[in-house]
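Let's walk through this structure together, one group of contacts at a time. Have the viewer open as you read.

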Amino acid sequence: MSSAAPLRFALALLSGAFALLVLLAPDTARKAHAQANAQAKVADPIVQVPGFWDPRRRPERPDLSRVTTIRFLTETDYPPFNFAGPDGNPQGFNVDLARIMCEELKIGCTVQMRRFETLVSALNENRGDAVIASMAATPDVRSKIDFTDPYYRTPARFVVRRDSPIEVPLPEKLEGRKVAVRAGTAHEAYLRALFTEVEVRPYPNDDVARLALRRGDVDLLFGDAISLAFWLNGTDSENCCAFRGGPFLDGRYFGEGVGVAIRRGNDAMRLTLNYALFRTWEQGRFTDLWLRYFPISPF
């Protein structure tokens, strides 16, 4: 074990504890997180890595005698999770995670890219064994396929300009503030339901909403923290802005998490992938992977 491994494992334990708290009591977790940010008076919290694994509930290694290769399917264009590299081969967070899981299982794997709308049918037609494409486990999708345990969630967060005096964006502190949001999304619905004193400014797409924040037309932007972290870490943001407060993880609005999809009733594959995900987290490799793709944490 390298000298960095104990630190990685400690980070994994902390991230798992954070996510477990969110799962058990999302409202309590959000309040505690907001209070901690307020006390620290920082623009962004310590890097949090999502994790849904309880070290006290270590799964048993499944029987892999009949598993030689796992055929993963993924999406063609959803960076940084799945996309075609310069050579046309699949790349991204999900692709790397699939390969790491196969390494942990000591079996082979293939990764094939398909359009997102074809993934469920391809899985059910046995053109692959599992879909790893940031597919949310909604009730509608669950009626067609099964899922492993989630390996990340899609929180919502506020973004402000770096010179903003807003420290912790709680409802009682944002009265009269202008908040950009993409129109027709769960994020807009969440603002209108719980941040009733703000002036909601819906925009037709993410690019226009982000431009409004950069130009100072609004005080804050509220949206999907995964895509916002990718934006903040890229050149398009021009280093204008930063996360402030959060994350917001209400499952009624933002989903219950993202897992690997498998065919209905394929419990053997589900248990195999659950074990592989746990091992990837336990060895600190999930934390390493997450920090490589998200140096600005969505959490």
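Is Trp53 buried or exposed? Trp53 has 5% relative accessibility, so Trp53 counts as buried; buried means under 20% relative accessible area, exposed over 50% and partly exposed in between, with a 1.4 Å probe and protein chains only. Please keep in mind that this is a predicted model, where local features need pLDDT of at least 70 and side-chain atom pairs count only at pLDDT 80 or more, while totals for chains, interfaces and linings use all residues. Residues are numbered from 1 along each chain as its sequence is written, and side-chain values use heavy atoms, leaving out hydrogens and water.

Now for the rings. The whole structure holds 28 aromatic pairs: rings of Phe, Tyr and Trp (its six-membered ring) pair if their centres lie within 6.5 Å, and planes under 30 degrees apart count as stacked, over 60 as edge-to-face and the rest as tilted. Trp53 and Phe286 are edge-to-face because their planes stand at 70°, with the ring centres 5.3 Å apart. Trp53 lies in the loop between helix 2 (26-40) and strand 1 (69-75), and Phe286 in helix 11 (residues 285-293), so this pair ties together parts that are 233 residues apart in sequence. Helices (H or I, at least four residues) and strands (E, at least two) are DSSP runs, numbered from the N terminus.

Follow Phe286 onward: Phe286 also forms a stacked pair with Trp290, at 6.2 Å centre to centre and 15° between the planes. These two residues are 4 apart in helix 11, so about one helical turn separates them. Phe286 is buried at a relative accessible area of 0%, and Trp290 is buried, with 0% as well.
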